[in-house]
Amino acid sequence: MDPLFLYSLNIAVYIGIFAIVALSLNLEYGFAGLGNFGKVAFFLVGAYAYTLLAQTGIHFTLSIILSSMIAGAFGLLVSLPALRLREDYLAIVTLAFGEIIRIVVKAEDWIARGVWGITVPSAINLKDASHEITILANIGLVFFSLAICFIFLQLVANSPYGRIIRAIREDAMAADTLGKNNFKYKAQVFMMGSIVAGLGGALFAQYIGYIQPQMFLPILPFPIWIMVILGGPANNYGVVVGAILVQLFERGTMIIKDYIALPIDPNNIQYILFGILIIIIL
C-alpha cells in the first residue's frame, strides 16, 4: 500500500485524538474562561493510567473509562487550590503542575520505568490483521470517542448548566450575586475537562504503543491552544476544524521535504503557518 496513504491514515488518528483534547480545553477556556496551560498533565495521567491498568489485564474499555476518571480526579484536586487564584496565576499554576507530574514520572522508576518509558497494550487486537486494517480500526475507535465527547459537550454547552458557566465567564461577580457558586461550577468544569483530556491521553497511548516522559513536554498544550483560537473559543465545531488544520500543518510539514525543496527547515514551516493563521483569524 502507498506509504503516503498510510501516513494520511495516521494523521487522521492524531486529528481525532487532539480534537478530543482541544474540546476539553474549549470547555474550560471557551465556555468557562479558565486558562489551563497545564492540559498536558491530564493528558499524561490518562496515558499512564491506561497503560498501567491495561497491563494488569483489565479490558481496554474499562481501562479507558477508569483512566479518564483518574485524570478527572487529578483535575478536581488541582482545581481546589488553583481556582482560588486570579486568572494569570491560574495559568502559571497549571503549567507548573504539568511539568511537576512529568518530572515525577520521569524520576520514579517504580511508576512506569521512569525515563526509559513503557510499552502500552493496544486496544485493537486483530489477529493476522495488516497494518492498514489496524490503523483503520484505530480511526473508528478514536472518532467514535470524539463523537461521544462532541455530543456530550454540545449538550452541556446548550443546557442551563452551560448558560451558567458562560455567565460566570462573562461576569463572575454578577453570577455570584444571583446565587451561583462560582468556585463549585469552575471546579466541575475543570474536572470534566480533565476527564475528556484523560480520554485523549488513553487513546494516544494505546495507539502509539509506547510512552515515555519526553512525549509530554510543557510545549504540548500550545498547539492545542492554537486549535481553540483558530476554531474560535466556545465553538465546538470550530475547534474540531482547528484541530484538523493544526494537525495537517504539523504532520504534513514532517514529510514535505520529501516532495518539495525548500530553503528553510520544513519543520519550522508549521510555526510560520500557525503564526500567519492566528494573525489572520484575530
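This is a predicted model: local features need pLDDT of at least 70, side-chain atom pairs count only at pLDDT 80 or more; totals for chains, interfaces and linings use all residues.
**Exercise 1. The largest pocket**

Find which helices supply the lining of the largest pocket, and which classes of residue make it up.

*Solution.* 
- Start with the space itself: the largest pocket holds about 500 Å³.
- Next, look at the lining, which has 22 residues; Met215, Ile219, Leu220, Glu250 and Arg251 lie nearest the centre of the pocket.
- Now turn to the helices. H1 (3-31), H10 (221-231), H11 (236-252) and H12 (269-281) each contribute at least two lining residues, and H10 gives the most, with five.
- Finally, sort by class: 17 lining residues are nonpolar, three are polar and two are charged.

**Exercise 2. The second largest pocket**

Repeat the analysis for the second largest pocket, and state how many charged residues line it.

*Solution.* 
- The space in this pocket is about 390 Å³.
- Its lining has 17 residues, with Ile64, Ser68, Ile148, Cys149 and Leu199 closest to the centre.
- Helices H3 (60-82), H6 (131-157) and H9 (182-208) each provide at least two residues of that lining.
- By class, the lining of the second largest pocket has 14 nonpolar and three polar residues, and no charged ones.

**Exercise 3. From the core to an aromatic pair**

Work out which parts of the chain the pair of Phe43 and Phe204 ties together.

*Solution.* 
- Begin in the largest nonpolar core, which has 82 residues; Ile17, Phe18, Phe43, Tyr48, Ile211 and Phe216 touch the most other members. H1 brings the largest share of this core, 15 residues.
- Check burial against the cut-off of under 20%. Phe43 counts as buried because its relative accessible area is 2%, and Phe204 is likewise buried, at 8%.
- Then describe the rings: among the 16 aromatic pairs, Phe43 and Phe204 form a tilted one, with 5.2 Å centre to centre and 45° between the planes.
- Phe43 lies in H2 and Phe204 in H9, so the pair links parts 161 residues apart in sequence.

**Exercise 4. A threonine in H2**

Decide whether Thr51 is buried or exposed, and list what Thr51 contacts.

*Solution.* 
- Locate Thr51 in helix H2, which spans residues 39-55.
- The relative accessibility of Thr51 is 0%, so Thr51 counts as buried.
- Setting aside neighbours within four places in sequence, Thr51 is in contact with Ile118, Thr119, Val120, Pro121, Ala205 and Ile211.

Notes:
Residues are numbered from 1 along each chain as its sequence is written. Side-chain values use heavy atoms; hydrogens and water are left out. On a 1 Å grid over the protein atoms alone, a cavity is a set of points where a 1.4 Å probe fits but cannot get out, and a pocket is an open set with protein on both sides within 12 Å along at least five of seven lines; lining residues have an atom within 4 Å of a point. Grid points are joined across faces, edges and corners, and a volume is the space filled by probe spheres set on the points. Helices (H or I, at least four residues) and strands (E, at least two) are DSSP runs, numbered from the N terminus. Ala, Val, Leu, Ile, Met, Phe, Trp, Tyr, Cys and Pro count as nonpolar, Asp, Glu, Lys and Arg as charged, and the others, Gly among them, as polar. A nonpolar core is a set of buried Ala, Val, Leu, Ile, Met, Phe, Trp, Tyr and Cys residues joined through side-chain atoms within 4.5 Å. Buried means under 20% relative accessible area, exposed over 50%, partly exposed in between (1.4 Å probe, protein chains only). Contact means heavy atoms within 4.5 Å. Rings of Phe, Tyr and Trp (its six-membered ring) pair if their centres lie within 6.5 Å; planes under 30 degrees apart count as stacked, over 60 as edge-to-face and the rest as tilted.
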